[in-house]
Each structure stands twice: as structure tokens, then as C-alpha cells.
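Student: I have a protein chain open on my screen, and I would like to learn how to read it. Could you guide me through it?

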Amino acid sequence: MRKNIVAGNWKMNKTYAEAQELMAQLLEYKKNNTTNCEVYIAPPALYLTAAKEVFKNGEVGVFAQDVSEYPSGAYTGEISVDMLASVDADGSLVSHSERRTFHGETDSHANRKVKALLDKGLIPIYCNGEKLEERKAGRHFEVVKNQTETALFTLSAEEIKKVVIAYEPVWAIGTGETATAEQAQEVHAYIRSLIADKYGKEVADEVSILYGGSVKPDNAKEIFSQPDVDGGLIGGAALKIEDFSKIIEGFNS
């Protein structure tokens, strides 16, 4: 069966000392609490080796925020899949909305990045979702369908089962706006139906689909209770252990 996951995307935040403090707090929390989900973090790339040292027993999965589609070469500032594997990272986010907005990433880029990660045994967390104008125009299903098919539907059934999808309505990221639990469920169920139509229900039922739009301690439990919501990709609330731990506890009965 698919996994419940709470993943924290730190984005471009925390000095090294601050990152070490937050990682130590998260490790202490994990040691002293039973969690009903897997916990991942995606710190800035500079801190990946430090994170793997802190979580050396696998208490928390360690992910990059981005990865290159190219294996090596003259791509200044990029990080390859082999580099991630060499520091024992667990995987990477792929095509977060901010990568799309600020760096012009497309789902064709995402497709190549996802495949590159899978080929090295790493986990892609593929991000998709509509903008506000697309939601207002009633095109959110169309947008998500096109994104999902372009980025993922060249994969085999065995490969897509290893992908984590994060549905992140762009209008609800960092705005304080949040899709209702029912809105999140509606799109999550639609994404799962697309996978079922392509690969079969059994495969679709193994794919974890996370919600990535301003999950907070006070709404996590309601959102995570939806049948097709398997957790969250958390931004700002992942930067404070008090908030992140309460979101993790959204899976507690």
C-alpha cells in the first residue's frame, strides 16, 4: 500500500547553524514520538551531507530541492543525480512551482529529471498544480492532466509506483490561501484516476499523492483525512519544529 508522507521543503532558508539546530530538534522529536507517516526534509543542497549525518539511521528522508536532467558536464550551478547518490540522498523534488515560475521549467524537463532519478534508484517528488487564473477559468483538471501525462506517462508501471506526486495549487502557496479539504481531495482523486486509466487501479493505489498548499497545524488533520490525500509537502511551516511536528501529528488518530 502507498505511504503516508510529510515532507518539509526548506526552500532558501536557514544558515548552516540554524539548519543544524532544526535538524537536531527534528531528530529529538522523532526519537521521542511515534509517527504514523514517513518524514522527509528537503534542505538547501549545501546541507545535504550534514542532514545525512544527523539522520544516519534513516529517521528522516533527505531530499534535494532540485536536480539536473543532465548526467554531468558544463552546467554551472547544477547538481547531478550521481552527485546526489554519492552523498546518499534519498531523492529530490522535481519541478516545484517556484522552479517553473522563476527558472522556466516545463513538464518535459520534469520527465527527464524523474527518469534520471529513477534510473539511479532515487525517489522523485514530482510537483504539479494550477495557477489562480487557471483555477478561476475552471481549467484546473485540464492543467493537471496535461502536466501529469507529459511528466510521468512515459514511465513503466513499476517506475510510476516509485514516484511521489505533490499536488500544489500555485494560488495556495505562500499566500495564506488554502484549498479546502474537499478541493484537495477532488484533484487528488482525479490524479489517481488518470494513473488508473493508464496503468490500472492496482498501480494507482500504490502512488502516494501529497497536498502542497499552505498546510498548517490547524488544518493538517482534516486535509490528511481525505481518502486520496497521502500527506503534505510543507513549506514555511516546516521551518519551525513546533509547527512541523504538529503537522506530522495530523496522521495521529
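Tutor: Gladly! Let us begin with contacts (heavy atoms within 4.5 Å). Among contacts in the chain between residues at least 6 apart in sequence, 71% link residues at least 24 apart. Please note that this is a predicted model, where local features need pLDDT of at least 70, side-chain atom pairs count only at pLDDT 80 or more, and totals for chains, interfaces and linings use all residues. Residues are numbered from 1 along each chain as its sequence is written, and side-chain values use heavy atoms, with hydrogens and water left out.

Student: How many helices and strands does the chain have?

Tutor: The chain has 12 helices and 8 strands. Both are DSSP runs numbered from the N terminus: helices are H or I with at least four residues, strands are E with at least two.

Student: What share of the residues is buried?

Tutor: Buried residues make up 53% of the 253 in the chain. Buried means under 20% relative accessible area, exposed means over 50%, and partly exposed is in between (1.4 Å probe, protein chains only).

Student: How should I read a pair of aromatic rings?

Tutor: Such a pair is described by the distance of the centres and the angle of the planes. Rings of Phe, Tyr and Trp (its six-membered ring) pair if their centres lie within 6.5 Å; planes under 30 degrees apart count as stacked, over 60 as edge-to-face and the rest as tilted. By this rule the count here comes to 7 aromatic pairs. Take Tyr167 and Tyr211: their ring centres are 6.3 Å apart and their planes at 45°, so this pair is tilted. Tyr167 belongs to strand S6 (residues 164-167) and Tyr211 to strand S7 (residues 209-211), so the pair ties together parts 44 residues apart in sequence. Both Tyr167 and Tyr211 are buried.

Student: Which kind of pair do Phe224 and Phe251 form?

Tutor: Phe224 and Phe251 are stacked, at 4.6 Å centre to centre with 10° between the planes. Phe224 sits in helix H11 (residues 220-224) and Phe251 in the segment after helix H12 (241-248), so this pair ties together parts 27 residues apart in sequence. Phe224 is buried at 6% relative accessible area, and Phe251 counts as buried at 14%.

Student: What about backbone angles?

Tutor: Most residues other than glycine have a negative phi. Lys14 has a positive phi, near 85°, and lies in the loop between strand S1 (5-9) and helix H1 (16-32).

Student: Is Lys14 buried or partly exposed?

Tutor: Lys14 is partly exposed, at 28% relative accessibility.
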